[in-house]
Amino acid sequence: MPERKRVAVLADSDTRWKWGASTARRLVPDHQLTGYLLRGRATPTARQLGEVGVRADRLAEVTCAEFLAEIERERYDVVVLALVGGAVQAVLHGARALWPVPARRPVLVTGYVGVVYEKLADGLLLRHGADLVLANSRHDAERFRAVYEGVGADSGAVTETALPFLGGAPYEPAGSRAHTVVFAVQPSVPDSRADRAYLLERAAGHARRHPEREVLIKLRSKPGEHTTHLEEQPYQRLAERIPGGLPANCRLVYGNMSEVLDGTDLLVTVSSTAALESLHRSIPTAVLTDLGIREALGNHHFLGSGCLASWDQLDSGLLPEGDPVWLAAHGVRPAGTPGPAGPATDAAAGTAADAGADAYAVARAKVAGLLAAARLPSPAPHYTLTTAPGYLPGILARHRLAPDGTPLPGAARQEAGESRLRRRLRAHLREAARGAYRHGVQRVAPVIRRLGEL
């Protein structure tokens, strides 16, 4: 029996852990998974990790320097970097310092956790240098290659896949059960109190108009917890300010999104990746236009999807249907729908031209080829001290790395001491944030949450 491959995932939030661990399972189905959580503002709590529902054989919280020491010592076969762009760049330069010449090193994989609607060039160039840069759709793969080729960087790492957590049973109409509408909220979109209060009131209003329906407000985090983005105006607090409170058939819920979708008849959101999960299961899905169709909201990503709608239209009974052509281009193939005729999968180009093909077949083949090599070349990020001398050093310094990617002198000792202090601070600050939330100290809570970035 062949030996199981050793895979490590480094993630910096609950959603990126979900993406990274799910991606690892798609790329290397038979593996031993070790999880690492990058210490920082968005380090997930045990509750958040449990809600994601993806387990690791071992899980540890680390700094960037500690992680680099781990992957040098442990000799992993594959390392998945489920991080923001700056952290990915730091690890890539750290790996370059560890393996400055061709060597037996882990295959380095990175990508995006969901819809890419902002900081396209910045985020992509910070990810350049990984062996595979995963794109969640044909649409994204084309954009990614264009960015790399536009700066003269090698685009061969770009590999088309799909979101790794698309799945679940196909949608079945409610039948005898109550028709359930789920409003999937986002921590930072929209960001203003007035806009968030408006959307919450419209969801409550939908429940009042349709007392026979169940309306669920699907929340991402509890007060004092963080996700990838800061939530300055939590919906829990806004719900308390609705005159008369939420109607009886409208409530706040937490939980794994896939499990929530099991009983959903209409998914409503501004631009959440949950829309793609819902569309994959053929659940009617609405991307809200009430606040306009704007890049700042991310709903412009859904132009042509057939899903753009307002609460007024939903109140009147609209159940949007996704456009098949748009869905195919954006990596979503509803269960049971055949893929269009087309050329066979092109592994060399890193594309799955036949939408009916296994979305991860090309990526698995590329990983297998790299694992079979006796030695891999040193990672070669586009950003160097020659191409970005005013940008790169600051990124590396934030992760306690020198401009050459090596840990700064004394970084290990300093980070060890600071990590203990940060853990204590975060525990106290989370409790303070919960207290501020409970007692309605509106101006204090955002300050406490920002202090939690320490």
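The model is predicted: local features need pLDDT of at least 70, side-chain atom pairs count only at pLDDT 80 or more, and totals for chains, interfaces and linings use all residues. Residues are numbered from 1 along each chain as its sequence is written, and side-chain values use heavy atoms, without hydrogens or water.

**Stop 1: two helices**

Select residues 64–74, helix α3, and residues 85–98, helix α4. They pack at an angle of about 45 degrees, with axes 10 Å apart. Axes are lines fitted to C-alpha atoms, for helices over the stretch in contact, and angles run from 0 to 180 degrees between N-to-C directions. Helices here are DSSP runs (H or I, at least four residues), and strands are E runs of at least two, numbered from the N terminus.

Now show the side chains. In α3, Cys 64, Phe 67, Leu 68, Ile 71 and Glu 72 meet Ala 90, Val 91, Gly 94, Ala 95 and Leu 98 in α4. Contact means heavy atoms within 4.5 Å.

**Stop 2: Tyr 36 and Tyr 76**

Select Tyr 36 in strand β2 and Tyr 76 in the loop between α3 and β4. Their ring centres are 6.3 Å apart and their planes at 85 degrees, so the pair is edge-to-face. Rings of Phe, Tyr and Trp (its six-membered ring) pair if their centres lie within 6.5 Å; planes under 30 degrees apart are stacked, over 60 edge-to-face, the rest tilted.
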